[in-house]
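Let's take a friendly walk through a protein model. Have a look at the sequence and the 3D view, and then we will go through some parts together.

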Amino acid sequence: MPGLSSSSGRGRTPPTATAGPGVPTVPASPAAGPNGQPSLGSAPDPDGFLPLVNSARARAGSPAVVLDARLVAAAREHAAGMAARGRLASEGADGRSVFQRITASGYAYLTVGEHLVSGPRTPTEFVEYCLADERTRGTLCEPAFTDAGLAYVSDGRSGDVYWTAVWARPFTPDCLTRTAAEVVALTNAERASARLAPLAGDPLLTDAAQAHSDDMVARAFYSHTSPDGSEPWHRAAAAGSTRRMIGENIACGQRSPAEVVRGWMDSPGHRANILKPDFTHIGIGFAGGGSAGTYWTQLFGG
């Protein structure tokens, strides 16, 4: 489930915080291909997934996806783990989430989605299952996705078939910049509705926010307080910021700027940070991976 947490303070003043759910993870080790190297490049489609998937996406007005060998490998590893345990699970017996398997394969993403399913016997049945529900159909037909990985493994004891489908758009610096700009624009739209001045982008706050999102993925934690004890204002100062008032919103699991800003606005503590008149500047951080899949940071300054 997506998580949210907010914190604000001035200097060393202890903040008030709304604690979001923790998401401890086990660090992933790189998944290797046949030669001991990460899988790269496009993947073949022996089961005829793509025509089925892309036909459904076309009907929804979404562009076609291609199979990526790294995503296929991550999907196969996760499906095999579920089949071995005989149950659906977002994490395997090794403690790794499907998102950690994706990043361990060498695929860095900007947005991600997944289907974990048991029951369908054929690709046609699997796609039909995904299209039957609004939420799962939304993932399969999400226009932001460009790449996919699909795999299924049978449980030899029960005969049940376990499916993993992962959908993603690869990370690029330009796409990250656009994502951060969209979060700022949506945040400023909320401030405009409250007749507040817009927040200006701040490179130093951006550096600190991005470092915190990266750190939450790398060190497998979800908190305003880093494992080394640093708080938002410490991180802002370490990045070179001299702003006296600092506030922070964090979130995990949301898949788009619109979803994360909507979640923050629906939570009183986060909404208070977004609509705080004393804040004048903002920085945005985003990282993919970990247990929750996505980690967001809003760092405010005034």
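How many bridges join strand 5 to strand 6, and do the two run parallel or antiparallel? In this predicted model, eight bridges join them, and the strands run antiparallel.

## Strand 5 and its partners

Strand 6 covers residues 161–170. Look for Ala151: its bridge partner in strand 6 is Thr164. Six residues lie between the strands of this hairpin, and Gly159 has a positive phi there, near 85 degrees.

Strand 5 (residues 147–154) also pairs with strand 3 (residues 66–67). Here there are two bridges, and the strands run parallel. You can find Val66 opposite Asp147 of strand 5.

## The cysteines

How many disulfides does the model have? The count is zero. A disulfide is a covalent bond between the sulfur atoms of two cysteines. Take Cys130: its closest cysteine sulfur belongs to Cys141 and is 9.4 Å away, so the two are too far apart for a bond. Cys130 is buried, because its relative accessibility is 0%.

## Helix 6

Helix 6 runs over residues 173–193. With 21 residues at 1.5 Å a residue, helix 6 should span 30 Å, and this agrees with the 31 Å between its end C-alpha atoms.

Which residues of helix 6 are buried? They are Cys175, Leu176, Thr179, Ala180, Val183, Val184, Thr187, Asn188 and Arg191. In an α-helix there are 3.6 residues a turn, so residues three or four places apart point the same way. Cys175 has a relative accessible area of 9%. After helix 6 comes Arg195, with a positive phi near 60 degrees.

Note on methods: Residues numbered from 1 in each chain as written. Predicted model: local features only at pLDDT ≥ 70, side-chain atom pairs only at ≥ 80, totals over all residues. Heavy atoms only, no water. Pairing = 2+ DSSP bridges. Helix = DSSP H or I, 4+ residues; strand = E, 2+ residues; numbered from the N terminus. Disulfide = S-S within 2.5 Å. Buried < 20%, exposed > 50% of the residue type's maximum accessible area, 1.4 Å probe, protein only. Expected span 1.5 Å × (residues − 1).
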